[in-house]
Amino acid sequence: MREPLMHQEKPNLTDPATASRLSRGLPAGVHMLQALGLSREEQASLLGLSVRSLQRGEDGHGPELSQDQLTRLSLVVGIYKALRLLYDDATAAGWPHRTNRRPPFGGQTPLTYMRQGGIPAMYETRRLLDADRGGLFSVTPEAHRSAPGFPTVVEL
């Protein structure tokens with residue numbers, strides 16, 4: 001009998017059987033990135049693959065992914081899931097391409113930020129979206145500075 005998910009150990013990505021099993025998730029990751037409106041080149045860049053490997057992977061004949069690529073795939077799944085929970089389809093699909101002044105994006109698009117920053121930037125993006133899902137929306141430094149001047153909604 002399998003343990004509940006919260007008590008399971010993290011998969012050992014150095015184990016060839018585990019890496020092979022998880023690599024079969026590549027077509028689903030490609031589908032998620034397509035749903036977010038990313039081009040082939042953008043998809044390949046985020047996943048750390050060549051465009052040719054990405055195309056083979058979409059057909060289910062892709063390469064066995066490295067630890068780095070499996071980590072990227074996992075982050076893509078988390079980002080996609082968070083966007084789909086936070087926004088309607090059209091908003092979620094456009095989110096990676098819209099400039100964003102919130103930290104950590106600093107006026108870049110989330111896609112540009114993640115492509116330039118690699119795994120750390122993808123992790124930070126996922127962490128931000130997961131916080132948003134939990135109601136911990138971050139705001140710009142300007143909003144933090146002006147917040148004390150706002151009147152309270154309810155007086156106790």
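The second largest pocket of this predicted model has a volume of about 230 Å³. A pocket is here an open set of points on a 1 Å grid over the protein atoms alone, where a 1.4 Å probe fits, with protein on both sides within 12 Å along at least five of seven lines; the volume is the space filled by probe spheres set on the points. Residues are numbered from 1 along each chain as its sequence is written. Because the model is predicted, local features need pLDDT of at least 70 and side-chain atom pairs count only at pLDDT 80 or more, whereas totals for chains, interfaces and linings use all residues; side-chain values use heavy atoms, without hydrogens and water.

The second largest pocket is lined by K10, P11, L13, L22, L70, T71, L73, S74 and V77, lining residues being those with an atom within 4 Å of a point. Helix α5 (residues 67-86) gives the most to this lining, with five residues; helices are DSSP runs of H or I with at least four residues, numbered from the N terminus. By class, six of the lining residues are nonpolar, two are polar and one is charged.

The largest nonpolar core holds 31 residues, and L46, L47 and L83 have the most contacts inside it. Such a core is a set of buried Ala, Val, Leu, Ile, Met, Phe, Trp, Tyr and Cys residues joined through side-chain atoms within 4.5 Å, where buried means under 20% relative accessible area with a 1.4 Å probe, protein chains only. Two or more residues come from each of α2 (26-35), α3 (40-47), α5 and α7, and α5 gives the most, with eight. Beyond its neighbours within four places in sequence, L46 is in contact (heavy atoms within 4.5 Å) with L33, L38, R72, L111, M114, R115 and M122.

Two aromatic pairs were counted, a pair being rings of Phe, Tyr or Trp (its six-membered ring) with centres within 6.5 Å, and edge-to-face meaning planes over 60 degrees apart. W95 and F105 are edge-to-face, at 5.8 Å centre to centre and 80 degrees between the planes. Both residues lie in the loop between α6 (89-94) and α7 (110-133), so the pair ties together parts that are ten residues apart in sequence. The rings of F105 and Y113 are also edge-to-face, with centres 5.3 Å apart and planes at 90 degrees. F105 and Y113 are both buried, and W95, F105 and Y113 form one aromatic cluster.

P110, in helix α7, is buried at 0% relative accessibility. Leaving aside neighbours within four places in sequence, P110 is in contact with W95, P96, R98, N100 and F105.

Key
Phe/Tyr/Trp six-rings, centres within 6.5 Å; stacked < 30°, edge-to-face > 60°. Buried < 20%, exposed > 50% of the residue type's maximum accessible area, 1.4 Å probe, protein only. Nonpolar A, V, L, I, M, F, W, Y, C, P; charged D, E, K, R; others polar.
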